[in-house]
Amino acid sequence: MTSSAPRIALVTGANKGIGLEIARQLARSGLRVLLGARQVALGEAAALLLKDEGLEVGVVHLDLGRADTLRAAAESIHRAHGRLDVLVNNAGITDPADGPPTQASMTAVRRIFDTNFFGTFEATQAMLPLLRKSSAGRIVNVSSGLGSIALNADPNSLFASYRLAGYNTSKTALNMLTVQLAAELADAGIKVNAADPGYTATDLNGHRGTQTVAEGAVAAVRLALLPDDGPSGGFFNAAGPQPW
Ligand SMILES: NC(=O)c1ccc[n+]([C@@H]2O[C@H](COP(=O)([O-])OP(=O)(O)OC[C@H]3O[C@@H](n4cnc5c(N)ncnc54)[C@H](OP(=O)(O)O)[C@@H]3O)[C@@H](O)[C@H]2O)c1
(Lines give C-alpha, C1' and ligand atoms only; values in the text may rest on other atoms or scores of the structure.)
Protein backbone atom coordinates (compact mmCIF):
# COMPACT_ATOMS: atom_id res chain seq x y z
CA MET A 1 0.00 0.00 0.00
CA THR A 2 1.42 3.38 -0.93
CA SER A 3 0.92 6.25 1.49
CA SER A 4 -1.34 8.02 -1.02
CA ALA A 5 -3.71 5.05 -1.48
CA PRO A 6 -6.91 5.59 0.47
CA ARG A 7 -7.39 3.27 3.40
CA ILE A 8 -10.35 0.91 3.03
CA ALA A 9 -12.84 0.72 5.89
CA LEU A 10 -15.90 -1.49 6.44
CA VAL A 11 -18.50 -0.39 8.98
CA THR A 12 -21.18 -2.95 9.85
CA GLY A 13 -24.73 -1.70 10.45
CA ALA A 14 -23.86 1.54 8.71
CA ASN A 15 -27.25 2.38 7.18
CA LYS A 16 -28.29 4.41 10.22
CA GLY A 17 -27.49 5.52 13.75
CA ILE A 18 -23.96 5.55 15.10
CA GLY A 19 -22.69 3.32 12.28
CA LEU A 20 -23.75 5.80 9.60
CA GLU A 21 -22.05 8.59 11.52
CA ILE A 22 -18.86 6.55 11.96
CA ALA A 23 -18.90 5.97 8.19
CA ARG A 24 -19.41 9.69 7.58
CA GLN A 25 -16.54 10.71 9.85
CA LEU A 26 -14.15 8.10 8.42
CA ALA A 27 -15.01 9.19 4.87
CA ARG A 28 -14.40 12.81 5.86
CA SER A 29 -10.99 11.69 7.11
CA GLY A 30 -10.18 10.45 3.60
CA LEU A 31 -10.89 6.73 3.95
CA ARG A 32 -12.77 4.79 1.28
CA VAL A 33 -15.69 3.58 3.36
CA LEU A 34 -17.91 0.59 2.66
CA LEU A 35 -21.28 0.72 4.38
CA GLY A 36 -22.27 -2.73 5.61
CA ALA A 37 -26.06 -3.14 5.47
CA ARG A 38 -28.28 -6.17 5.90
CA GLN A 39 -30.86 -4.51 3.65
CA VAL A 40 -29.03 -3.28 0.60
CA ALA A 41 -31.74 -0.72 -0.26
CA LEU A 42 -31.26 0.94 3.13
CA GLY A 43 -27.50 0.89 2.63
CA GLU A 44 -27.88 2.50 -0.80
CA ALA A 45 -30.13 5.22 0.65
CA ALA A 46 -27.56 5.97 3.36
CA ALA A 47 -24.76 5.99 0.79
CA LEU A 48 -26.69 8.54 -1.28
CA LEU A 49 -26.86 10.84 1.74
CA LEU A 50 -23.08 10.67 2.13
CA LYS A 51 -22.44 11.00 -1.61
CA ASP A 52 -24.56 14.18 -1.56
CA GLU A 53 -22.11 15.46 1.05
CA GLY A 54 -19.26 14.78 -1.42
CA LEU A 55 -18.06 11.64 0.34
CA GLU A 56 -16.77 8.54 -1.44
CA VAL A 57 -18.56 5.47 -0.13
CA GLY A 58 -19.77 2.08 -1.29
CA VAL A 59 -22.29 -0.46 -0.01
CA VAL A 60 -21.74 -4.08 0.97
CA HIS A 61 -24.54 -6.52 1.75
CA LEU A 62 -23.73 -7.85 5.19
CA ASP A 63 -26.10 -9.61 7.59
CA LEU A 64 -24.49 -10.86 10.79
CA GLY A 65 -27.06 -13.66 10.90
CA ARG A 66 -26.16 -14.97 7.45
CA ALA A 67 -22.73 -16.51 6.98
CA ASP A 68 -23.23 -16.51 3.19
CA THR A 69 -23.36 -12.70 3.17
CA LEU A 70 -20.19 -12.51 5.28
CA ARG A 71 -18.31 -14.73 2.84
CA ALA A 72 -19.68 -12.84 -0.17
CA ALA A 73 -18.81 -9.49 1.42
CA ALA A 74 -15.21 -10.60 2.01
CA GLU A 75 -14.95 -11.88 -1.57
CA SER A 76 -16.30 -8.64 -3.07
CA ILE A 77 -13.94 -6.50 -0.95
CA HIS A 78 -11.07 -8.75 -2.00
CA ARG A 79 -11.97 -8.38 -5.67
CA ALA A 80 -12.43 -4.59 -5.48
CA HIS A 81 -9.64 -3.62 -3.09
CA GLY A 82 -7.47 -6.65 -2.31
CA ARG A 83 -7.39 -5.82 1.39
CA LEU A 84 -9.21 -4.21 4.31
CA ASP A 85 -7.54 -1.67 6.58
CA VAL A 86 -10.29 -0.91 9.08
CA LEU A 87 -13.17 -3.06 10.34
CA VAL A 88 -15.68 -1.34 12.59
CA ASN A 89 -17.96 -3.95 14.15
CA ASN A 90 -20.80 -1.57 14.88
CA ALA A 91 -24.00 -3.53 14.15
CA GLY A 92 -25.86 -4.48 17.29
CA ILE A 93 -29.32 -4.92 18.76
CA THR A 94 -31.35 -4.79 21.94
CA ASP A 95 -34.61 -6.65 22.54
CA PRO A 96 -37.67 -5.49 24.48
CA ALA A 97 -37.97 -8.95 26.07
CA ASP A 98 -34.47 -8.61 27.57
CA GLY A 99 -34.34 -7.67 31.24
CA PRO A 100 -32.86 -8.55 34.63
CA PRO A 101 -31.49 -12.10 34.91
CA THR A 102 -34.60 -13.50 36.65
CA GLN A 103 -36.93 -12.11 33.99
CA ALA A 104 -35.12 -11.93 30.65
CA SER A 105 -36.63 -14.05 27.89
CA MET A 106 -34.09 -16.67 26.82
CA THR A 107 -35.27 -16.25 23.24
CA ALA A 108 -34.35 -12.58 23.46
CA VAL A 109 -30.99 -13.33 25.11
CA ARG A 110 -30.08 -15.83 22.39
CA ARG A 111 -31.20 -13.43 19.66
CA ILE A 112 -29.06 -10.64 21.11
CA PHE A 113 -26.03 -12.92 21.39
CA ASP A 114 -26.52 -14.17 17.84
CA THR A 115 -26.04 -10.63 16.55
CA ASN A 116 -23.89 -8.80 19.09
CA PHE A 117 -21.45 -11.62 19.79
CA PHE A 118 -21.62 -14.62 17.44
CA GLY A 119 -22.39 -12.59 14.32
CA THR A 120 -19.72 -10.03 15.11
CA PHE A 121 -17.21 -12.81 15.86
CA GLU A 122 -17.99 -14.55 12.59
CA ALA A 123 -17.81 -11.33 10.56
CA THR A 124 -14.41 -10.62 12.10
CA GLN A 125 -13.11 -14.06 11.17
CA ALA A 126 -14.44 -13.58 7.63
CA MET A 127 -12.58 -10.26 7.27
CA LEU A 128 -9.31 -11.32 8.94
CA PRO A 129 -7.57 -12.59 5.79
CA LEU A 130 -8.21 -9.14 4.23
CA LEU A 131 -7.09 -7.28 7.36
CA ARG A 132 -3.86 -9.30 7.39
CA LYS A 133 -3.10 -7.83 3.96
CA SER A 134 -3.19 -4.29 5.41
CA SER A 135 0.02 -2.62 6.52
CA ALA A 136 -1.81 -1.22 9.57
CA GLY A 137 -5.03 -3.10 10.28
CA ARG A 138 -7.52 -1.80 12.82
CA ILE A 139 -10.53 -3.56 14.35
CA VAL A 140 -12.97 -1.56 16.44
CA ASN A 141 -15.63 -3.46 18.36
CA VAL A 142 -18.50 -1.15 19.25
CA SER A 143 -19.26 -2.28 22.76
CA SER A 144 -21.04 -0.43 25.57
CA GLY A 145 -20.36 0.78 29.08
CA LEU A 146 -23.19 -1.63 29.94
CA GLY A 147 -20.78 -4.45 29.10
CA SER A 148 -18.33 -3.36 31.78
CA ILE A 149 -18.30 -5.84 34.69
CA ALA A 150 -16.59 -3.21 36.86
CA LEU A 151 -19.32 -0.61 36.23
CA ASN A 152 -22.12 -3.18 36.65
CA ALA A 153 -20.60 -4.21 39.99
CA ASP A 154 -20.37 -0.64 41.28
CA PRO A 155 -23.70 0.24 42.97
CA ASN A 156 -22.86 3.94 42.60
CA SER A 157 -22.48 3.67 38.82
CA LEU A 158 -25.31 4.82 36.56
CA PHE A 159 -24.85 1.53 34.71
CA ALA A 160 -25.88 -0.48 37.78
CA SER A 161 -29.54 0.41 37.19
CA TYR A 162 -29.61 -1.00 33.62
CA ARG A 163 -29.85 -4.73 34.31
CA LEU A 164 -30.19 -6.06 30.78
CA ALA A 165 -28.88 -9.59 31.23
CA GLY A 166 -28.76 -10.38 27.52
CA TYR A 167 -27.46 -7.10 26.10
CA ASN A 168 -24.94 -6.40 28.85
CA THR A 169 -23.41 -9.89 28.79
CA SER A 170 -23.25 -9.86 24.98
CA LYS A 171 -21.07 -6.74 25.19
CA THR A 172 -18.99 -8.25 28.02
CA ALA A 173 -18.35 -11.24 25.74
CA LEU A 174 -17.39 -8.86 22.94
CA ASN A 175 -14.95 -7.17 25.30
CA MET A 176 -13.30 -10.54 26.03
CA LEU A 177 -13.05 -11.23 22.32
CA THR A 178 -11.39 -7.82 21.93
CA VAL A 179 -8.69 -8.67 24.47
CA GLN A 180 -8.02 -12.14 23.08
CA LEU A 181 -7.96 -10.99 19.46
CA ALA A 182 -5.66 -8.07 20.27
CA ALA A 183 -3.14 -10.42 21.89
CA GLU A 184 -3.30 -12.91 19.03
CA LEU A 185 -2.95 -10.26 16.33
CA ALA A 186 -0.26 -8.12 17.96
CA ASP A 187 2.48 -9.60 15.76
CA ALA A 188 0.36 -9.00 12.64
CA GLY A 189 0.29 -5.26 13.36
CA ILE A 190 -3.50 -5.31 13.72
CA LYS A 191 -4.83 -3.23 16.61
CA VAL A 192 -8.07 -4.36 18.22
CA ASN A 193 -9.98 -2.16 20.65
CA ALA A 194 -13.47 -1.81 22.09
CA ALA A 195 -15.39 1.48 21.95
CA ASP A 196 -18.19 2.66 24.21
CA PRO A 197 -20.23 5.28 22.30
CA GLY A 198 -22.06 6.53 25.39
CA TYR A 199 -25.85 6.95 25.63
CA THR A 200 -26.71 8.18 22.14
CA ALA A 201 -30.07 9.05 20.58
CA THR A 202 -30.79 6.35 17.97
CA ASP A 203 -33.51 3.84 17.06
CA LEU A 204 -31.83 1.40 19.48
CA ASN A 205 -33.18 3.30 22.48
CA GLY A 206 -36.17 5.10 20.95
CA HIS A 207 -33.97 8.22 20.68
CA ARG A 208 -33.86 8.61 24.45
CA GLY A 209 -30.04 8.80 24.40
CA THR A 210 -28.60 12.08 25.60
CA GLN A 211 -25.80 12.39 23.03
CA THR A 212 -25.87 13.11 19.32
CA VAL A 213 -24.58 10.48 16.89
CA ALA A 214 -21.63 12.79 16.20
CA GLU A 215 -20.69 12.49 19.87
CA GLY A 216 -21.44 8.76 19.92
CA ALA A 217 -19.09 8.12 16.99
CA VAL A 218 -16.05 9.85 18.52
CA ALA A 219 -14.45 6.90 20.35
CA ALA A 220 -14.89 4.41 17.50
CA VAL A 221 -13.54 6.84 14.89
CA ARG A 222 -10.51 7.65 17.02
CA LEU A 223 -9.74 3.93 17.43
CA ALA A 224 -10.26 3.31 13.70
CA LEU A 225 -7.68 6.00 12.90
CA LEU A 226 -5.10 5.00 15.53
CA PRO A 227 -1.48 5.68 14.61
CA ASP A 228 1.08 2.86 14.77
CA ASP A 229 2.03 3.77 18.34
CA GLY A 230 -1.61 3.68 19.50
CA PRO A 231 -2.98 1.18 22.02
CA SER A 232 -4.38 -2.28 21.35
CA GLY A 233 -6.54 -4.49 23.57
CA GLY A 234 -8.20 -1.55 25.34
CA PHE A 235 -11.70 -0.28 26.10
CA PHE A 236 -12.34 3.42 25.51
CA ASN A 237 -15.08 6.00 25.45
CA ALA A 238 -14.70 9.56 24.14
CA ALA A 239 -13.12 10.65 27.43
CA GLY A 240 -10.51 7.87 27.55
CA PRO A 241 -9.97 4.36 28.96
CA GLN A 242 -12.95 2.55 30.52
CA PRO A 243 -12.81 -0.14 33.20
CA TRP A 244 -13.46 -3.69 31.95
N1 LIG B 1 -27.27 4.15 21.06
C2 LIG B 1 -26.63 3.98 22.21
O3 LIG B 1 -26.90 4.65 23.24
C4 LIG B 1 -25.55 2.95 22.33
C5 LIG B 1 -24.77 2.91 23.50
C6 LIG B 1 -23.77 1.98 23.63
C7 LIG B 1 -23.51 1.11 22.58
N8 LIG B 1 -24.26 1.16 21.44
C9 LIG B 1 -23.91 0.23 20.36
O10 LIG B 1 -23.69 0.99 19.18
C11 LIG B 1 -23.95 0.17 18.02
C12 LIG B 1 -24.84 0.93 17.06
O13 LIG B 1 -26.10 1.14 17.70
P14 LIG B 1 -27.10 2.32 17.31
O15 LIG B 1 -27.48 2.97 18.57
O16 LIG B 1 -26.56 3.12 16.19
O17 LIG B 1 -28.36 1.41 16.85
P18 LIG B 1 -29.31 1.48 15.55
O19 LIG B 1 -29.59 2.89 15.15
O20 LIG B 1 -30.46 0.60 15.91
O21 LIG B 1 -28.44 0.81 14.41
C22 LIG B 1 -28.08 -0.54 14.49
C23 LIG B 1 -27.51 -0.96 13.17
O24 LIG B 1 -27.15 -2.37 13.27
C25 LIG B 1 -27.75 -3.03 12.16
N26 LIG B 1 -28.00 -4.44 12.44
C27 LIG B 1 -28.81 -4.99 13.37
N28 LIG B 1 -28.81 -6.32 13.26
C29 LIG B 1 -27.99 -6.63 12.21
C30 LIG B 1 -27.58 -7.82 11.59
N31 LIG B 1 -28.03 -9.03 11.98
N32 LIG B 1 -26.71 -7.75 10.55
C33 LIG B 1 -26.25 -6.57 10.13
N34 LIG B 1 -26.62 -5.39 10.66
C35 LIG B 1 -27.48 -5.43 11.69
C36 LIG B 1 -29.04 -2.28 11.88
O37 LIG B 1 -29.54 -2.59 10.61
P38 LIG B 1 -31.12 -2.47 10.27
O39 LIG B 1 -31.39 -1.02 9.97
O40 LIG B 1 -31.30 -3.37 9.09
O41 LIG B 1 -31.87 -2.95 11.49
C42 LIG B 1 -28.51 -0.86 12.00
O43 LIG B 1 -27.83 -0.49 10.84
C44 LIG B 1 -24.56 -1.13 18.56
O45 LIG B 1 -23.58 -2.13 18.62
C46 LIG B 1 -25.01 -0.75 19.96
O47 LIG B 1 -25.07 -1.85 20.83
C48 LIG B 1 -25.26 2.07 21.29
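Colleague: I am new here. How many helices and strands are there in the protein chain?

Modeller: Welcome! Keep in mind that the model is predicted. The protein chain has eight helices and eight strands.

Colleague: What radius of gyration would a compact globule with 244 residues have, and what does the protein chain have?

Modeller: The idea is to set the chain's value beside a rule for globules. With 244 residues, a compact globule would have a radius of gyration near 18 Å, and the protein chain has 17 Å, so the two agree. For the outline, follow the C-alpha trace along its principal axes: the spans are about 50 × 40 × 30 Å.

Colleague: And what share of the residues count as buried?

Modeller: To judge burial, we count neighbours: a residue is buried if 20 or more other C-beta atoms lie within 10 Å of its own. Here 48% of the 244 residues count as buried. Among contacts with a separation of 6 or more, 68% are between residues 24 or more positions apart.

Colleague: Let me pick a strand. Are the faces of β5 covered or open?

Modeller: For a strand, look at each side in turn. On one side of β5 sit Arg138, Val140 and Val142, on the other Ile139 and Asn141, and all of them are buried.

Colleague: Which strands do bridges join to β5?

Modeller: Bridges tell you which strands pair. Strand β4, residues 86-89, runs parallel to β5 and is joined to it by four bridges. Across that pairing, Leu87 stands opposite Ile139. Between these two strands the chain passes through α4, and this β-α-β crossover is right-handed. Strand β6, residues 191-195, also runs parallel to β5, with five bridges joining them. There, Val142 has Ala195 as its bridge partner.

Colleague: Now the ligand. Which residues come nearest?

Modeller: Start with the list of residues around the ligand, then sort it. There are 30 of them, and Gly13, Gly17, Ala91, Gly92 and Thr202 come nearest. By class, the shell holds ten nonpolar, 16 polar and four charged residues.

Colleague: Which helix gives the most to that shell?

Modeller: That is α1, with three residues. Both α1 (17-28) and α4 (106-131) supply at least two residues each.

How values were computed
Residues are numbered from 1 along each chain as its sequence is written. This is a predicted model: local features need pLDDT of at least 70, side-chain atom pairs count only at pLDDT 80 or more; totals for chains, interfaces and linings use all residues. A residue is near a molecule or strand if its C-beta atom, placed from the backbone, lies within 6 Å of it. Ala, Val, Leu, Ile, Met, Phe, Trp, Tyr, Cys and Pro count as nonpolar, Asp, Glu, Lys and Arg as charged, and the others, Gly among them, as polar. The radius of gyration is taken over C-alpha atoms; the globule rule is 2.2 Å times the number of residues to the power 0.38. A residue is buried if 20 or more other C-beta atoms lie within 10 Å of its own, exposed if 12 or fewer, and partly exposed in between; C-beta atoms are placed from the backbone. Two residues are in contact if their C-beta atoms, placed from the backbone, lie within 7 Å. Two strands pair if DSSP finds at least two bridges between them. A crossover is right-handed if, with the strands pointing away from the viewer, the path from the first strand over the helix to the second runs clockwise.
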